[in-house]
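Reader: Could you walk me through how to read a structure like this one, feature by feature?
Author: Gladly; please bring up the sequence and the model.

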Amino acid sequence: MGLIQAAVGAIGGTLADQWKDFYTVPAGLPSTAALFAAVPQGTNAGRGSNTKGSSNIITNGSKIIVPEGYGLLLFQDGKITALAAQAGAYEWQSDDINSKSIFSGGGLVESLIKQSWERFKFGGQPGAQQAAYFVSLKELPDNRFGTQSEIYWDDGFLNTQVGAVTRGSYTLKIVDPILFVKNFVPASYLQGNQIFDFTDMDNAAASQLFNEVVSSLAPAFSAYTNDPSKGNRITKLQQDSLGFAKSLSDAVEQAYQWKSDRGLAIVKTAIVSIEYDANTRELLKNVQRADALSGARGNSNLQASVAAGMQAAGENGGAAGMMGIGMASGMMGGMAGLQQPVAPAAPPADDPMAKLKKAKEMLDAGLITQTDYDALKTKTLGL
């Protein structure tokens with residue numbers, strides 16, 4: 001009875017597999033799907049008749065439609081045999097006897113008799129495994145990262161260690177589909193219709209990538225903030241999605257060889273938030289204050305402060321206050337010299353009244369004697 005069943009199964013399967021198939025992407029595919037099997041449209045909403053073909057055999061002459069943004073990987077007995085990276089319609093052709101069909105010129109003997117005999121030897125099943133898989137060549141979004149506690153790195157601009165808690169997302173791209181499938185995709189995703197999705201929380205391989213990205217954040221931040229071309233400012237991180245993505249991709253590649261071993265690369269990042277620790281926040285506050293008082297703006301603020309001080313001293317301290325302000329403004333002038341240079345004021349006119357008035361104030365303040373005042377008065381008035 002077993003031999004009869006095997007023979008019946010071999011003949012029935014052979015006849016069913018003579019039909020040409022039409023393969024395309026499955027319905028309801030998520031935008032984050034990275035790898036999935038091509039689906040035969042055998043019934044075509046109930047109008048077709050190809051309902052009993054083998055799931056692991058593709059008949060010669062079958063057409064496979066590759067949409068834009070996807071590549072096509074062909075498998076024969078577990079081995080990748082071809083890659084089509086351009087959109088369009090492709091026709092399956094194989095020398096395997098299980099793929100031959102009377103509808104594609106395979107001939108009656110090879111397509112039916114020899115194929116049935118081969119299947120009879122395997123208990124009615126075809127002794128081969130063929131498959132077609134689509135692989136996404138687009139940027140795959142919504143790959144998230146985040147830290148539960150502060151990460152620390154050395155910051156060249158602040159000249160110290162800084163720390164922050166951060167979260168965000170990145171887009172991922174499969175840059176080498178063959179490396180990706182050979183070296184990273186688990187075998188379970190190359191059987192049946194299971195979809196490989198990087199955002200699937202049940203995908204252990206995707207979870208591994210998440211852990212590797214988180215462990216690469218600190219060196220990525222360090223590389224970005226210590227790059228002179230970025231201005232050495234951590235405040236630019238949230239504005240530069242491409243620049244930080246390169247730093248993160250380089251850090252991941254250096255530590256885990258995503259691109260060279262797995263055919264993967266990070267393309268863009270979006271940092272949703274950065275929460276700096278208390279010490280870093282205080283440092284940034286000081287830097288902001290220094291930035292606000294730098295250059296011409298700092299000079300303007302300094303001059304305004306000196307003028308206000310002179311006015312207050314003149315009202316409260318007389319000549320002594322003016323002398324103190326003079327000394328202070330001299331010191332402040334030296335500090336201002338560290339900022340952008342300011343054009344020197346024109347020297348005051350040689351006014352005898354002003355000289356005598358100033359000398360009288362100095363006499364009243366006890367800074368000079370009556371003899372000094374009389375001598376200065378005689379010289380000024382030319383007596």
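Author: We will look at sheets, then cores, then a pocket. This is a predicted model, where local features need pLDDT of at least 70, side-chain atom pairs count only at pLDDT 80 or more, and totals for chains, interfaces and linings use all residues. Residues are numbered from 1 along each chain as its sequence is written, and side-chain values use heavy atoms, with hydrogens and water left out.

Reader: Which order do the strands of the open sheet of four strands have?
Author: Strands of a sheet pair through backbone hydrogen bonds, either parallel or antiparallel. Strands here (E, at least two residues) and helices (H or I, at least four) are DSSP runs numbered from the N terminus, and two strands pair if DSSP finds at least two bridges between them. The order in this sheet is E3-E1-E4-E7, with mixed pairing. Strand E3 (39-40) and strand E7 (88-91) each have a single partner strand, so one side of each is left without a neighbour in the sheet. E1 (residues 22-24) and E3 run antiparallel, joined by two bridges, and Thr 24 stands opposite Val 39.

Reader: What is the strand order in the open sheet of five strands?
Author: That sheet reads E6-E5-E8-E2-E12, with antiparallel pairing. At its edges, strand E6 (79-84) and strand E12 (196-197) each pair on one side only. Strand E2 (residues 33-37) is joined to E12 by two bridges, and to strand E8 (residues 130-136) by three. Leu 35 makes a handy landmark: Phe 196 stands opposite in E12, while Val 135 is the bridge partner of Leu 35 in E8.

Reader: How many residues of E2 are buried?
Author: Five of its five residues are buried, where buried means under 20% relative accessible area, exposed over 50%, and partly exposed in between (1.4 Å probe, protein chains only).

Reader: Which residues touch the most other members in the largest nonpolar core?
Author: In soluble globular proteins, nonpolar side chains tend to be buried together. A nonpolar core is a set of buried Ala, Val, Leu, Ile, Met, Phe, Trp, Tyr and Cys residues joined through side-chain atoms within 4.5 Å. The largest one has 49 residues, and those touching the most other members are Leu 35, Phe 180, Phe 196, Phe 198, Phe 244, Trp 258 and Ile 266. H4 provides the largest share of this core, eight residues. A second, separate core of 14 residues includes Phe 36 and Ile 64.

Reader: Which residues line the second largest pocket?
Author: Rolling a probe the size of a water molecule over the atoms shows where empty space is left. On a 1 Å grid over the protein atoms alone, a pocket is an open set of points where a 1.4 Å probe fits, with protein on both sides within 12 Å along at least five of seven lines; lining residues have an atom within 4 Å of a point. The lining includes Asp 142, Arg 144, Tyr 170, Phe 198, Asp 200 and Phe 210. Strand E9 (139-146) and helix H4 (204-225) each supply at least two lining residues, and the largest share, four residues, comes from H4.
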